[in-house]
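Hi,

Here is the structure I promised to pass on. Have a look at it first, then read my notes below.

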Amino acid sequence: TCGRSHKYAHTKSLVENAFGQKMEDLFEWFEEEPCASGSIAQVHKAKLSVEGAKRISDKGEMGEGRVVAVKVRHPNVETKLLRDFELMLILADWADELGDAHVIGESVRQFRGPLIEQIDLEHEAEALFRFNKNFKKTRDVNFPLPLYPYVTNDVLVETFEDGIVFNEIFKEDIMEKPWNRTLAQMGLNTLFKMLLEDNFVHADLHPGNILIRFKEPSFWSKVHAMFFGYKDAVPRPHITILDTGMSTSLSKGDRKALYEFFESLGALDGHMVSESTLKMTTVGDNFPSKPQFVEEIVELFEGFRAYMSQHDDLPPAAECMCNLLDIFRKHKVGMKAELSVVIATVFMMEGWATQLDPDLKVMKTIRKFANYNFETSFKTLCTS
């Protein structure tokens, strides 16, 4: 991720104060120029010294190497974020006075908590630990490992992961790559595993937070190439997911409401969609314009059903959601923060997955999510 970086002097001061050691004692080498920088922190590549590596609580996490990524918070980032929130709230309240737009201020207040959590690197380390546990048996998806005790709210040391930032793939001619379909389906499988199996979702899955590398072709890929006379077997793509600071779980009630929403969305049933969405809102089902709200959603999905009949295909999921959110805004109905984050993540995923494979649609996956077989989905990804 590219962004404005801070000076090395700040990094050095934070790291030494956090761990009570000089840089030269803790690291064999440390790259002063960051390899990535975002709005919250920047990342430096380094190699732990022999003595530094001895302090790691679980020596097996490091494997044979000692190369690490050192994530360091930007100076005054918390103060700046809180200041920005105050400004956003002032503008939202001003908009409310001018046009009865209270839902804007409500949305800003809802997202305050998740974004404040994102700047605490100890929180990110806990999320990394949980994702690693959830994906322990998944061979082609991984997350960096936090390296305790080198974790504070200002500095996070984790395993360094090699790969191509997913953004770079879209700069190439991606339409003819033989692994496109596999990679796109892996992305959806990963998200739906988080959502439906683990109830712990990475809420910032844009391409800049995903690394891709290619491994030795699978046995079946080699057989396929040999049988059809191809020169090379298709390599096996591997996904590494970074920056887990924005992650969320849903309550039992919200999870049930979200499942009902996806089920109704997949069925293109406007009445079911309106009922399920009302369970996910901050206003419930008691507001003056509820009849019109329901009527407009039903009418919207009648249009989608007509689209399906005409094109023999489901409409794009992002289009469904954008039109639905327009109705929410029109009637000043706010959605619970955790649910809106999860839904936005689903449709963000659809955006890059369909760039890789235009035939792959989230709506189709949503339609069959009730029978989604997580165990076999990952095993068969690279054999098709």
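This is a predicted model: local features need pLDDT of at least 70, side-chain atom pairs count only at pLDDT 80 or more; totals for chains, interfaces and linings use all residues.

Residues are numbered from 1 along each chain as its sequence is written, and side-chain values use heavy atoms, leaving out hydrogens and water.

Overall, the protein chain has 16 helices and 12 strands. Both are DSSP runs numbered from the N terminus: helices are H or I with at least four residues, strands are E with at least two. Of the 384 residues in the chain, 49% are buried.

Which order do its strands take? The open sheet is made of four strands in the order 5-11-10-8, with mixed pairing. Two strands pair if DSSP finds at least two bridges between them. At the edges sit strand 5 (141-142) and strand 8 (164-165), each pairing on one side only. Strand 5 runs parallel to strand 11, joined by two bridges, and Val141 stands opposite Ile239 there. Strand 11 also pairs with strand 10, this time antiparallel and over six bridges; Phe214 faces Pro237 across that pair. Strand 10 (residues 210-215) is in turn joined to strand 8 by two bridges, again antiparallel, with Ile164 opposite Ile212.

Strand 11 is worth a look: six of its six residues are buried. In a regular strand, side chains alternate between the two faces of the sheet. Here Arg236, His238 and Thr240 are buried on one side, and Pro237, Ile239 and Ile241 on the other.

Finally, two helices. Helix 11 (residues 270-278) packs on helix 12 (residues 290-311) at an angle of about 135°, their axes 8 Å apart. Axes are lines fitted to C-alpha atoms, for helices over the stretch in contact, and angles run from 0 to 180 degrees between N-to-C directions. That angle makes the helices oblique, the label left over once under 35 degrees is roughly parallel, over 145 roughly antiparallel and 65 to 115 roughly perpendicular.

Cheers

Terms used
Buried means under 20% relative accessible area, exposed over 50%, partly exposed in between (1.4 Å probe, protein chains only).
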